[in-house]
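Trainee: I would like to learn how to read a structure with two chains. Where do we start?

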Amino acid sequence: MELRFTDEEVAFRKEVQAFIDAKLPRALREKLAAGHHPTRDDIVFWQRTLNEKGWGVAHWPVEYGGTGWDAVKQYIFLEEMMMAPAPPPLAFGTSMVGPVIYTFGSDAQKKRFLPGIANLDDWWCQGFSEPGAGSDLAGLKTRAEKVGDHWVINGQKTWTTLGQYADWIFVLARTDASVKKQEGISFILVDMKTPGITVKPIQTIDGGHEVNEVFFDDVKVPLENLVGQENKGWDYAKFLLGNERTGIARVGISKQRIRRIKEMAAIEQRAGRPLIEDQRFREKIAEVEVELKALEITQLRVIAGEKKREKGKPDPASSVLKIKGSELQQATTELLMEVIGPHSAPYAPEEPGSNEPPIGPEWAQTIAPTYFNVRKVSIYGGSNEIQKNIIAKAVLGL
Amino acid sequence: MDFDLSEEQQLLKDSVEGFLSDTYGFEERKKIAALPGGWSPEVWGTFAELGILGLPFAEEDGGFGGGAVETMLVFESFGKHLVLEPYLATVVLAGGVLKRAGSAEQKAAHIAAIAGGSSTYALATTERHSRYDLFDVTTTAKKDGGSWVLDGEKAVVVHGGTADHLVVSARTAGARRDKGGIGLFLVPADAAGLSRRSSPTQDGTHAAEVTLSGVRVDAVHVLGDPEGGLPVLEAVADEAIAALCAEAVGAMSELTDVTVDYLQQRKQFGINIGQFQALQHRAAEMFVALEQARSMAMFAAMTAATEDARERRALASAAKVQIGRSAKFIGQQGIQLHGGIGMTMEYKAGHYFKRLTMIDTLFGDADHHISEVADFGRLVAAA
């Protein structure tokens with residue numbers, strides 16, 4: 001047993017850091033550290049910067065443009081990206097539909113879509129959740145009917161993250177209503193410019209616009225946009241959902257936020273002294289730090305075990321990463337709320353191009369919205385209650 | 001970075017676990033607990049044969065040169081089987097002082113006795129008002145010619161009642177809470193002026209109140225610098241914390257398993273209660289707490305050799321916090337999910353809970369250590 005990274009891994013971390021320092025503009029870095037959302041252009045810029053270096057889809061197989069790094073290097077890479085912080089990759093392309101296409105897609109699909117995902121020429125969004133199908137995703141109702149040489153899709157998707165920018169959407173649609181609900185679902189790629197698609201924004205409690213409703217009204221899609229086999233979409237969806245293991249705990253994001261908590265708590269005061277000198281508050285930070293350290297080790301254990309596991313079989317401990325990781329992301333946003341106290345109140349939604357000076361301390365603006373926004377992390381990607389069901393069944397055998 | 005055991009480590013784990021699985025079931029443990037002193041000389045003899053009594057000592061001192069990972073493996077099995085023998089007291093605590101501060105002669109005499117299983121030892125540091133501060137020492141040691149004279153009282157000396165020798169911390173200089181001026185003295189249990197009152201503890205082990213009045217200790221039995229004992233004690237405490245974290249993980253893991261088994265068997269309302277989602281989620285939360293604790297027990301073992309003492313102390317503290325928090329949750333929920341049967345002395349779940357509860361009070365509870373982590377201030381290092 002050895003916790004230390006090898007010299008090669010340490011050198012690799014330095015290489016990643018040096019690349020970030022050289023290529024990620026300081027202003028963008030500071031903006032993200034202050035809790036602001038990256039714009040569409042920020043995300044595209046960074047993805048293309050990484051792709052130019054050959055790191056755009058680092059975790060993909062080498063033949064499709066991946067790096068061939070082992071799990072430890074992948075982890076180091078992601079952690080450095082989170083801690084920089086850099087604009088996060090658009091997971092819907094690189095971690096979701098990309099792996100589905102290179103694993104189950106046709107050669108034509110691979111050729112058409114994989115380079116565009118790696119370079120973010122095509123912005124993808126996810127068409128899974130529906131108003132009536134959340135945790136019970138297989139209960140989805142959106143239909144795709146084969147009419148001539150087309151699928152005709154009708155229905156509604158929701159919680160479609162960043163769908164307002166999307167060029168493409170991957171859709172789970174019911175193609176056979178006569179069988180068990182999991183067995184009549186297909187996985188279809190849809191061009192967002194197709195007539196009949198309407199995107200409507202959903203404003204979330206932080207005031208932001210991340211998610212959308214997407215309506216399909218007689219949307220005609222070429223038959224060849226089906227991925228893999230008809231009615232096997234549920235298998236591909238499960239593959240997709242189980243695929244994103246490394247980084248699911250978002251340890252780097254929580255680390256970065258703890259750093260920020262300490263910086264801010266050195267400025268803010270309680271009883272006329274810097275808050276960071278308050279023993280009770282320091283101990284609250286320490287509690288989160290301990291849990292985060294434990295989670296980091298748990299994450300490393302999962303990564304180290306990865307090479308021994310069957311390909312494509314997620315470690316059941318991934319559910320631990322999701323549960324604890326989301327709880328700690330939330331705990332860090334709660335601590336930031338406590339740091340800023342009454343100055344969290346002013347509500348100033350981000351207006352692109354606005355030159356209005358901030359009300360109150362500049363760094364205060366994003367804190368309450370982030371706190372509100374991050375409540376999502378224990379809901380999405382399989383809610384924490386679903387994760388507990390998974391542990392109870394798959395791990396404990398209940 | 002890897003979490004694999006070496007071949008030797010796997011052999012060690014298998015041999016300890018194999019022996020305990022065969023001979024240290026819950027019913028056997030009850031019989032051992034009822035023996036005078038509360039532990040089995042026969043089991044102790046087997047520990048000596050297995051080589052584990054000499055595990056953490058250097059080969060040139062007659063040991064096996066094991067490190068914190070080896071100790072972790074042994075203690076995880078101890079936790080699983082709720083082992084009662086004075087291993088922590090003898091090998092990790094008193095042995096830990098001896099290997100760090102002992103002279104060549106002291107090591108030759110005593111490490112051989114430990115490794116061979118012929119004597120047991122205990123570490124007497126805690127006092128009525130010291131709580132978890134190893135430097136809070138009122139027991140005095142006064143130089144008198146070629147010897148030291150010890151006076152004072154030590155509390156909850158684990159396995160102090162049956163130990164052949166005690167390692168006692170005593171103030172040789174300075175005021176009650178000074179960090180300097182603490183000496184470590186090796187005192188035979190039958191020394192004139194030393195009296196002991198031993199009793200069982202909540203978890204089925206034994207501990208003693210030790211009174212020292214005018215106990216004369218020859219200067220050759222001082223362990224190390226007579227005023228510089230604290231760094232030694234701190235290093236020993238950190239090693240003990242790592243061991244206790246592993247023991248707690250063994251106990252938590254077993255209690256979680258026992259609880260899940262029970263959920264699968266107990267029927268109410270016509271179905272196994274494990275089918276109720278409220279209970280499934282609680283069991284899942286126990287699993288999460290267990291995995292977090294397991295990670296930190298490994299962390300404690302893997303960072304035990306950290307060179308910088310301040311950092312090493314803080315990392316041990318972090319592990320003890322996680323273990324304390326997880327153990328309380330798993331212990332309490334393990335009882336709750338069992339219902340009434342979990343409350344009975346005859347059933348094993350409660351004994352895991354009790355041991356876990358006592359582990360929290362050894363070498364600092366979670367609240368003690370959280371303030372250490374807070375003072376350290378950089379467990380999650382700023383980039």
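This is a predicted model: local features need pLDDT of at least 70, side-chain atom pairs count only at pLDDT 80 or more; totals for chains, interfaces and linings use all residues.

Trainee: What does the radius of gyration of chain A agree with?

Mentor: The idea is to set the value against that of a compact globule. For 398 residues such a globule would have a radius of gyration near 21 Å, and chain A has 22 Å, so the two agree. Of the 398 residues of chain A, 44% count as buried. Among contacts in chain A between residues at least 6 apart in sequence, 72% join residues at least 24 apart.

Trainee: Into which domains is chain A divided?

Mentor: The division gives domain 1 (7-89), domain 2 (124-232) and domain 3 (245-395) of chain A. For a pair of domains, look at the distance between centres and then at the residues in contact. In chain A, the C-alpha centres of domain 1 and domain 3 lie 20 Å apart. Here 14 residues of domain 1 of chain A are in contact with 17 residues of domain 3 of chain A. Helix H4 (residues 71-83) of chain A gives the most to the domain 1 side, with eight residues. By class, that side of domain 1 of chain A has nine nonpolar, four polar and one charged residues.

Trainee: How far apart do the C-alpha centres of domain 1 and domain 3 of chain B lie?

Mentor: Chain B is divided into domain 1 (7-119), domain 2 (122-228) and domain 3 (231-376). The C-alpha centres of domain 1 and domain 3 of chain B lie 22 Å apart. Their contact takes 20 residues from domain 1 of chain B and 23 residues from domain 3 of chain B. On the domain 1 side, helix H4 (68-81) and helix H5 (87-101) of chain B each supply at least two residues. The largest share of that side, ten residues, comes from H4(B). The residues of the domain 1 side in chain B divide into twelve nonpolar, five polar and three charged.

Trainee: Now the two chains together. How many residues does the contact take from chain B and from chain A?

Mentor: It takes 35 residues from chain B and 40 residues from chain A. On the side of chain B that touches chain A, the elements giving two or more residues are helix H7 (230-265), helix H8 (277-302), helix H9 (309-338) and H11 of chain B. H8(B) gives the most to this side, with 13 residues. The side of chain B that touches chain A divides into 23 nonpolar, nine polar and three charged residues.

Trainee: Is strand S5 of chain B mostly covered or mostly open?

Mentor: In a regular strand, side chains alternate between the two faces of the sheet. Strand S5 (residues 182-188) of chain B is mostly covered, with six of its seven residues buried. S5(B) pairs with strand S4 (residues 165-171) of chain B in the antiparallel sense, over seven bridges. B:Gly183 in S5(B) is the bridge partner of B:Ala170.

Trainee: Why does B:Thr361 count as partly exposed?

Mentor: B:Thr361 counts as partly exposed because it has 17 C-beta neighbours inside 10 Å. B:Thr361 lies in the loop between helix H10 (349-360) and helix H11 (366-376) of chain B. The C-alpha atoms of B:Thr361 and B:Tyr132 are separated by 8.5 Å, while the two residues are 229 residues apart along the chain.

Note on methods
Residues are numbered from 1 along each chain as its sequence is written. Chains are lettered from A and ligands numbered from 1 in the order in which they are written. Helices (H or I, at least four residues) and strands (E, at least two) are DSSP runs, numbered from the N terminus. A residue is buried if 20 or more other C-beta atoms lie within 10 Å of its own, exposed if 12 or fewer, and partly exposed in between; C-beta atoms are placed from the backbone. Two residues are in contact if their C-beta atoms, placed from the backbone, lie within 7 Å. Ala, Val, Leu, Ile, Met, Phe, Trp, Tyr, Cys and Pro count as nonpolar, Asp, Glu, Lys and Arg as charged, and the others, Gly among them, as polar. The radius of gyration is taken over C-alpha atoms; the globule rule is 2.2 Å times the number of residues to the power 0.38. Domain bounds come from an automatic or database domain assignment. Two strands pair if DSSP finds at least two bridges between them.
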